[in-house]
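Subject: Structure handover

Hello,

Here is the structure for your files. My notes on what was found in it follow below.

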Amino acid sequence: MENNNNVVNMNQAGATQVAPKPVSNLHEIRQQEGKYFIGNYGGKDRYICFDLNAFAELEERFGSMEDAQKRLQSGSMKDIRTVMWLGLIWDEVEVDPETGEPLKYHLTPFQVGSWLNTSNLQDVVEKLQAAMTGALPDEQTLQTAQNQQGNGPVSQQVSNPN
């Protein structure tokens with residue numbers, strides 16, 4: 001039996017159990033542009049957001065976006081925890097009112113790690129991967145934006161001298 005948000009199962013004793021409906025694609029986890037529901041952790045619904053600040057932190061910690069994605073796929077527990085933490089800190093940051101720079105985060109990688117276990121790890125990794133790739137514009141979107149701004153590819157901007 002299934003409802004809109006959950007899967008309802010019967011256990012061996014005949015009691016019903018409600019489990020979160022598995023997320024099959026990105027638009028099902030997207031709450032609003034750029035933010036993705038990852039689950040209820042620490043007593044509240046959590047949304048990950050890979051904005052430019054998160055990508056800059058990913059590059060600082062992993063070297064490049066490609067390396068971060070490879071390490072996420074490799075299954076390193078430390079890397080999974082770090083990527084999830086980086087996706088969550090946008091909502092847990094205390095900013096200096098004068099400089100606009102982060103003073104501290106009200107969330108630690110250790111706290112994030114306490115929410116992850118073998119029963120939810122694969123689902124979390126899939127959501128993180130979907131959010132990371134969903135937060136990056138695809139090649140066609142970049143091309144369209146460049147063309148609209150008159151900054152198309154060099155091959156289109158340079159006229160043929162013949």
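**Second largest pocket**

The lining of the second largest pocket has nine nonpolar, two polar and three charged residues (Ala, Val, Leu, Ile, Met, Phe, Trp, Tyr, Cys and Pro count as nonpolar, Asp, Glu, Lys and Arg as charged, and the others, Gly among them, as polar). This is a predicted model, in which local features need pLDDT of at least 70 and side-chain atom pairs count only at pLDDT 80 or more, while totals for chains, interfaces and linings use all residues. Residues are numbered from 1 along each chain as its sequence is written, and side-chain values use heavy atoms, with hydrogens and water left out.

The pocket (on a 1 Å grid over the protein atoms alone, an open set of points where a 1.4 Å probe fits, with protein on both sides within 12 Å along at least five of seven lines; lining residues have an atom within 4 Å of a point) holds about 260 Å³ of space. It is lined by 14 residues, and Asn53, Ile89, Val93, Pro102 and Tyr105 are the closest to its centre. At least two lining residues come from each of α2 (52-62), β6 (93-95) and β7 (102-105), and α2 gives the most, with four. Helices (H or I, at least four residues) and strands (E, at least two) are DSSP runs.

**Packing of α2**

α2 packs against α4 (residues 77-88) at about 155°, with the axes 10 Å apart (lines fitted to C-alpha atoms over the stretch in contact, with angles from 0 to 180 degrees between N-to-C directions). α2 is therefore roughly antiparallel to α4 (over 145 degrees; roughly perpendicular is 65 to 115). Their contact (heavy atoms within 4.5 Å) has six nonpolar, one polar and three charged residues.

With α3 (residues 65-74), the axes of α2 come within 8 Å and cross at roughly 75°, so α2 is roughly perpendicular to α3. Here Phe55, Leu58, Glu59, Arg61 and Phe62 of α2 meet Met65, Asp67, Ala68 and Arg71 of α3.

Regards

Note on methods: Grid points are joined across faces, edges and corners, and a volume is the space filled by probe spheres set on the points. Angles under 35 degrees count as roughly parallel, over 145 as roughly antiparallel, 65 to 115 as roughly perpendicular and the rest as oblique.
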